[in-house]
Amino acid sequence: MDSLELLAHPIRLRIVHAMGGGRLLTTTQLCARIPDASKATVYRHIDLLVAGGILEVAEEQRVRGAVQRLYRLRQDRAVISPETIRSLTSDDHRRAFATAMTALLAEFNAYLDREQADPVADRVGYRQHALWLSPAELDQLIGELRAAIVTRLANRPGPERVQYLLSPIHFPVEPTPS
C-alpha cells in the first residue's frame with residue numbers, strides 16, 4: 001500500500017494525528033484516543049501503518065507477561081508525494097477530502113464527548129473566511145501559514161502543552177478568471 005492509500009482512511013489518519021510531535025504511544029493509549037473505534041479496528045490499522053512503514057516500534061516492554069510496544073511516527077513516511085498529488089483525479093480528491101473531514105469530525109466529536117471539554121476555555125475555533133487573492137497573494141499566504149506551522153511541528157509534549165488539531169483548508173469558491 002502506498003502512503004496515499006495508508007493515510008486515506010479516517011482511523012489511520014487519526015492514529016497519525018495522535019502520534020504527532022514525537023510521541024511514543026501504545027495500542028492501548030491509541031485505543032483510548034479513538035474511543036469510537038473498536039480495539040480490533042485500531043489494532044488492525046496500527047498493523048497496516050507499521051507494515052507500510054509509517055509507524056515503527058520504538059520500544060518493547062514486558063508487562064505482566066505480555067509484550068507492550070511503543071510506536072513512533074515516521075514523519076518522513078507520513079507524507080504524500082507531490083507526484084502522487086498531481087496524478088489524482090477529481091474523484092480521488094473528493095475521497096481524500098471526505099476522509100480528512102470524516103477524521104476531523106470524529107476527532108471533534110471525541111473532544112466534545114470528554115467530560116472536561118470546554119470549547120471556550122480550550123480556545124476552540126472553526127471559522128471560515130472568504131478572501132480575494134491573486135495567485136501570488138495565495139502563494140504568499142500559504143508560505144506564511146507553513147512558516148508559522150512548521151516551526152511548531154517540532155514541539156514535544158510538555159506540562160503546559162496540549163495537542164491541537166489544526167486543519168488549514170483552502171480552495172477557490174468560484175472559477176478562476178481567464
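Where do arginine 94 and aspartate 91 lie, and how many residues apart are they? Both sit in helix H6, residues 90–113, three residues apart, about one turn of the helix. The model described here is predicted.

## The chain overall

The chain has seven helices and three strands. From the N terminus on, these elements run α-α-β-α-α-β-β-α-α-α. Along its principal axes, the C-alpha trace spans about 65 × 40 × 30 Å.

Of the 178 residues in the chain, 22% are buried. The chain exposes about 13,100 Å². Carbon and sulfur atoms supply 55% of that area. Contacts can also be sorted by distance along the sequence. Among contacts with a separation of 6 or more, 57% join residues 24 or more positions apart.

## Helix H4

Helix H4 covers residues 39–51. Its 13 residues should span 18 Å at 1.5 Å a residue. The end C-alpha atoms are 18 Å apart, which agrees with that expectation.

Which residues of H4 are buried? They are Val42, His45, Ile46 and Leu49. Seen down the axis of H4, the buried residues fall within an arc of 105 degrees, so they line one face of the helix. On the other side of H4, Ala40 and Ala51 are exposed.

Several elements contribute to the cover over the buried residues of H4. Among them are helices H1 (3–7), H2 (10–19) and H3 (27–33). Strands E2 (55–63) and E3 (66–73) are also included.

Histidine 45 deserves a separate look. It is found in helix H4. Is histidine 45 buried or exposed? Its relative accessibility is 3%, so histidine 45 counts as buried, the cut-off being under 20%. Leaving aside neighbours within four places in sequence, histidine 45 is in contact with His9, Ile11, Arg12 and Ile15.

After H4 comes glycine 53. The phi of glycine 53 is positive, near 80 degrees.

## Helix H6

H6 has 24 residues. From its first C-alpha to its last, H6 reaches 34 Å. That is close to the 34 Å expected at 1.5 Å a residue.

The buried residues of H6 are Thr99, Ala103, Ala106, Glu107, Ala110 and Tyr111. The elements that cover them include H1, H2 and H3. H1, H2 and H3 are also among the elements that cover the buried residues of H4.

## Salt bridges

How many salt bridges does the count come to? The count is nine.

| Residue | Partner | Closest N and O atoms |
|---|---|---|
| Arginine 69 | Glutamate 60 | 3.0 Å |
| Aspartate 76 | Arginine 74 | 3.0 Å |
| Arginine 94 | Aspartate 91 | 2.8 Å |

The exposure of the residues in these pairs can be read one by one. Arginine 69 is partly exposed, with a relative accessible area of 36%. Aspartate 76 counts as exposed at 51% relative accessibility.

Arginine 94 counts as exposed, with 55% relative accessibility. Aspartate 91 is partly exposed, with a relative accessible area of 44%.

Salt bridges also join into a network. Arg14, Arg33, Asp36 and Glu107 are linked in this way. Glu107 is one of the buried residues of H6.

## A nonpolar patch on the surface

Which residues form a nonpolar patch on the surface? They are Phe97, Ile169, Phe171 and Val173. Together these residues have about 440 Å² of accessible area.

Phenylalanine 171 has its place in the segment after helix H7 (135–153). Why does phenylalanine 171 count as exposed? Its relative accessibility is 57%, and exposed means over 50%.

Conventions. Residues are numbered from 1 along each chain as its sequence is written. This is a predicted model: local features need pLDDT of at least 70, side-chain atom pairs count only at pLDDT 80 or more; totals for chains, interfaces and linings use all residues. Side-chain values use heavy atoms; hydrogens and water are left out. Helices (H or I, at least four residues) and strands (E, at least two) are DSSP runs, numbered from the N terminus. The expected span of a helix is 1.5 Å times one less than its number of residues. Buried means under 20% relative accessible area, exposed over 50%, partly exposed in between (1.4 Å probe, protein chains only). The arc is that of the directions from the helix axis to the C-beta atoms. Contact means heavy atoms within 4.5 Å. Patches are made of residues with over 30% relative accessible area and no salt bridge: like charges are joined within 9 Å, nonpolar side chains (Val, Leu, Ile, Met, Phe, Trp, Tyr) within 5 Å. Accessible areas come from the Shrake-Rupley method with a 1.4 Å probe; for residues, only the protein chains shown count as cover. A salt bridge is a side-chain nitrogen of Lys or Arg within 4 Å of a carboxyl oxygen of Asp or Glu.
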